[in-house]
Structures are given as C-alpha cells and as structure tokens.
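Hi everyone, thanks for coming. Let's take a look at this one together, and please have the picture open while I talk.

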Amino acid sequence: MHRGAQWLRENAQARLALFDFAFEHAPVGIVFHDVAGRIRRANQAFSRLVGIPLDTLQGMSFKKFAHPDDLDRDETLFNAVIEGTRDGYSIEKRYINHQGAIVHVVIHLTAMRDAVGSIVQLLSQVQDISAQKESERQLAEKAAQLELAMEAVRGGFWHMDVAAGRFETSERLAQFIGGPDAGRLDLELYLARVNPSDMASADLTPLLLGEVDHSCAEYRLNTVFGERWMRCDRRLLRNPDGTPRRIVGVAIDFTDEHMRLKEFERRSETDALTGLLNRRGLAMRYPLLPSSSGWTVLLMDLDGFKTVNDVHGHSAGDKVLLETARRLEQDVRAEDLVCRTGGDEFVIVVAGDLTVADQVAARIVEGMRAPIAVGATTVEVRATIGGVWIPAKTSLDELLADADALLYKAKAAGKDRWHLQAKNVPAAAH
C-alpha cells in the first residue's frame, strides 16, 4: 500500500508538472475564474494579451478589461452557466488592454464541476483574433471599394469551377445582360449572348488547360442595353499541385472607349478633307486586301488644279478635291481602295486582272472631263493616270514608284489619259 500510495503521489505530481508547463507555455490565454468572474489564475499569454502583469490580474474581474459594448452579452452567458442552464459558451468579444487598445478575442468558457454538479471553477481559453479581424476589415473595405467602382461602370464578375465545369455570373452581370429580374447565367446562356463572330475571343481553353494564368479578351455581348463591347479580364487560380482550380473574370462595358478608338483610327487613316484613305490608311489596308487574280496600283494627278487655286482660290480648290473624291468612289467597287496622298495626287488600288483596271482607269479619266461647279461658276480639270498591274502583292512603295514612272510617260504623251503596264508584259497606252 505504501509503495502504491507513493506511486500515485509521484504520478500526480508528474501530471501536475506537465499541466503547469502546458498552462504557462500555451500560445493562447488560459484563465481560471471563480463563480463571481474573478481571476484565480492566468497564464503569460493572457497577461500579454491584456497588457497586465500576472500578479495584478489575480482577483481581477473580467469586467475590468471587457469592452462596454460587449459586456451585457458576455454577462448574460456567464450568468446562464452559473445558474446551471448551460455548461459553457463561445463568444467573440473585445477587450480594452492596459494601453487602451482594442483587442479582438474569441473566448471558450467551460464550467468545471464537482461530483455533485456544483461549479468548482470556470476555465476560459482566450485567443487573440485581432489580426484576423483586421484582415476581414481590409477585405470588406476593398470589397466595398470594388462595389463602388463597379457601380460606376457597366458589367460585373463571373467565376468558373474548373473541376466541376460550373460557370456562374454575378448578380450584377446577370442584370446588366438580362435586366433587373434576370437570374444568374451559366456558361451556355452566357456564350449565347456573345456575338458569334467573337466566339474565339471568348474562348477559355488556354486557361482551362493551365497554359496561361491570365488573359484579356474583347468581344461583343448582347445586353439589356443592346450589343455592347466588353473587355473581360480572366485569371486562373491553381491548386497546390499547380492544376487549374478556378477561373475568375470581370467583364466591363468599354463600348464608348472602343468607338472612340475606332474613330481615332479612322481619322488617323483618312484624309481630313475628302474622307478618303490617306497614305497611312493605304499602307494599313493594302496588306489586308482579299485574294484576287491580281491588283493594279493607279497613280492619278489632276491636270489644271493649280490654275483653279490660283484663279478661284483655295476654297474652290477644296471643292474640286471633294468632287474628285466623290467621282472616284463612284468609279470603283467596294473591294477597291481609293486614297488621297496629298495635294491633287490620288492612288487607286483595283482588284482583278489588267482588263478590269483598264476599264476603271477609262471611267475615271472620262468622268473627270465633266465640269465641276464652284460657286456661281464651273471649272474644268483633267485626270492623268499611270498604273502597274501585278499578279501577287509586292512592296507598295515599289509599285507606287513604278506607277509614278508610267504617270510621267502619260503626261509626256499629252495628259488627259492613262498608261497601264503589267510587270514584264508590253505596255498599253490610251
């Protein structure tokens, strides 16, 4: 019996020593209270949390550092435990530490009872969650800022669970697309709103396969406001092993910006007076011409234009240029290009064989023989054209140089005519 009692005492002492070590070195605050809420014992983590030395904490009520706005709720739960209607509770609350700073905590309180059910003492575990609360605050603030920003633009968010293949728009984006009573759209319904010509831009395959982490697309979307140009920024979120997990996107209506950009491009590529292509516009459009049996580059000068300017003034000259542009556009087809490169010089690119180009040149020269009204009088100018035909596109600058040489020959032959030549083919003069 003596040895058994000694073993029990030694075992109890060892267990008490182990408890004391765990109590003192616990990463969270641990407090023993009496039934009046006074502190019997607290550990160092709790002392640091409230900023009060351990010896000062002894006998202090939890009410001393509880935030006044949280006290009633805390006391109600504490009293319920003392009255025996509950064994414990968990609560988020605030402390005001010794330096006056607010500390956010979560408390788990448990009643420790004796064999007959009477409360011996109460145990509280107190965890500082101030950093978590600050992160939540910052996240909520950013969300509010983003919400305000989204209210200032048209569009919204969407997300896609890659593994489940589940796509869903935000409520705001759904309402932008379908009106105030619209429900959220799945992928099929969303893509049904995309202009068929822009489906390649809306494709998510590179993101779904994990080939890229970010992409930006521009496409037309049918919305409650009509068809709108959308800029959609898409980002891939990955699993820890690097596989695609989720795609998030934000689609914003940038129709006005798109139209301004297109108008800027149009102006940068067109002649301010006539609305025809300028030299830059010609250089941009020439490579984009569709396949054809060949192309002819016609270079045209107005004969007598300087006299109109000298006799009738530059306003009359502008009217001549405007009427010339109108007649040229009438004499060519939609697939041909008409350009004013400056002054009274024009370039026409005609798709087709040399016979087609010859017919176009004839119409132009004949059409320019008609008088042009400038105010109360009329003036006459003539057109002289040099042109070179090619079966396949080559350097535009080289072709213009060849056409210029042929234009010079036409002028030397008497003007008011055209001179065309296929490369390495005998010339045809008219």
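Let me start with a question: is glutamate 136 buried, partly exposed or exposed? Keep in mind that what you see is a predicted model. With a relative accessible area of 37%, glutamate 136 is partly exposed. Its salt-bridge partner is lysine 133, with 3.6 Å between the closest N and O atoms. Lysine 133 is partly exposed too, at 23% relative accessibility.

Arginine 220 and aspartate 198 form a salt bridge at 2.7 Å, N to O. Arginine 220 belongs to strand 8, while aspartate 198 is in the loop between helix 7 and helix 8, 22 residues apart. Here aspartate 198 counts as buried, at 7% relative accessibility, and arginine 220 is partly exposed at 22%.

Strand 8 brings us to the sheet. Five strands make an open, antiparallel sheet, ordered 7-6-10-9-8. Strands 7 and 8 are at the edges with a single partner strand each, so one side of each has no neighbour in the sheet. From one strand to the next, the twist averages 20°.

Inside the sheet, 7 bridges join strand 6 to strand 10, and histidine 159 stands opposite valine 248 of strand 10. Helix 10 packs on the sheet, touching strand 9 and strand 10. Helix 6 lies across strands 6, 7, 8, 9 and 10, at about 120° to strand 6.

That's my tour, so over to you for questions!

How values were computed. Residues numbered from 1 in each chain as written. Predicted model: local features only at pLDDT ≥ 70, side-chain atom pairs only at ≥ 80, totals over all residues. Heavy atoms only, no water. Pairing = 2+ DSSP bridges. Helix = DSSP H or I, 4+ residues; strand = E, 2+ residues; numbered from the N terminus. Axes fitted to C-alpha atoms, helices over the stretch in contact; angles between N-to-C directions. Contact = heavy atoms within 4.5 Å. Salt bridge = Lys/Arg side-chain N within 4 Å of Asp/Glu carboxyl O. Buried < 20%, exposed > 50% of the residue type's maximum accessible area, 1.4 Å probe, protein only.
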